[in-house]
There are 2 protein chains.
Amino acid sequence: MTFWNVDNLQLQEFRPGVNSKAAIGKSLIMVCMEIAAGKEDTGHDHVFDQCGMVIAGKIEMFVGDERKILAAHESYFIPAGIRHGWKTFDKAVKLLDICPPQTAV
Amino acid sequence: MTFWNVDNLQLQEFRPGVNSKAAIGKSLIMVCMEIAAGKEDTGHDHVFDQCGMVIAGKIEMFVGDERKILAAHESYFIPAGIRHGWKTFDKAVKLLDICPPQTAV
């Protein structure tokens with residue numbers, strides 16, 4: 001699990017509309033994730049930070065009062081406790097997303 | 001600090017040969033980092049995981065017994081306690097690198 005090429009990494013269905021592959025450590029979980037077109041998370045929050053970067057495609061994301069359509073090479077940092085959500089458009093988006101495991105927070 | 005475009009983010013000198021910008025949270029530190037040509041870390045380890053992805057350029061990295069030249073969109077996951085290091089070549093490399101803060105491990 002040390003090195004991945006995120007452009008051609010084999011992903012598996014995590015839940016409907018989300019394919020992913022995860023590297024799970026003691027203090028970090030790194031996930032390469034592809035979210036299908038037309039999906040949405042209207043908002044949630046959690047007690048840990050979350051961050052990542054768009055690899056390909058576009059996603060609209062909000063973090064607290066900030067909202068932005070993110071394209072490739074745009075990153076996000078979601079501080080612990082801040083409500084956030086996202087929606088995809090007419091094409092899938094691929095992200096590299098990082099959070100700590102529940103056991104570490 | 002919520003959203004960055006890592007292709008044109010303004011970085012500041014962190015130490016000679018390394019320019020960076022960091023987003024520091026409770027459980028994650030996300031750093032966009034540019035390492036100059038001809039730099040090397042011959043190896044070290046720490047008690048937390050570290051991960052990231054190459055944005056542009058190339059870097060040779062070793063993690064335990066695995067060694068690879070990473071180019072854009074190649075990611076790495078360094079488990080806690082595993083010796084790792086890197087060297088750059090004739091051009092700078094830009095990375096997005098994530099680790100937990102010392103206070104979280």
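Reply: Let us begin with an idea needed for strands: two strands pair if DSSP finds at least two bridges between them. Please note that this model is predicted.

Me: Which residue of β1(B) is the bridge partner of A:Y76?

Reply: The partner of A:Y76 is B:F3. The strands concerned are β9 of chain A, residues 74–78, and β1(B); they run antiparallel and are joined by three bridges.

Me: How many residues does each chain give to the contact?

Reply: Chain A and chain B each contribute 34 residues. On the side of chain B, the elements giving two or more residues are β1, β6, β8, β9 and β11. The largest share, four residues, belongs to β9(B). By class, this side of chain B holds 22 nonpolar, six polar and six charged residues.

Me: How are the two copies related?

Reply: In general, two copies of a chain are related by a rotation about an axis and a shift along it. Here, chain B is superposed on chain A by a rotation of 180 degrees with 0.0 Å of shift along the axis, and the RMSD is 0.0 Å. The copies are therefore related as by a two-fold rotation axis. Moreover, 100% of the interface residues of chain B are also interface residues in chain A, so the copies meet through the same surface.

Me: In what order do the four strands of the open sheet in chain B lie?

Reply: The order is β5-β10-β7-β8, with antiparallel pairing. The edge strands, β5 and β8 of chain B, each pair on one side only. Within this sheet, β7 and β10 of chain B are paired over five bridges, and B:E60 has B:K87 as its bridge partner in β10(B).

Methods:
Residues numbered from 1 in each chain as written. Chains lettered and ligands numbered in written order. Predicted model: local features only at pLDDT ≥ 70, side-chain atom pairs only at ≥ 80, totals over all residues. Contact = placed C-beta atoms within 7 Å. Nonpolar A, V, L, I, M, F, W, Y, C, P; charged D, E, K, R; others polar. Least-squares fit on C-alpha atoms with pLDDT ≥ 70 in both.
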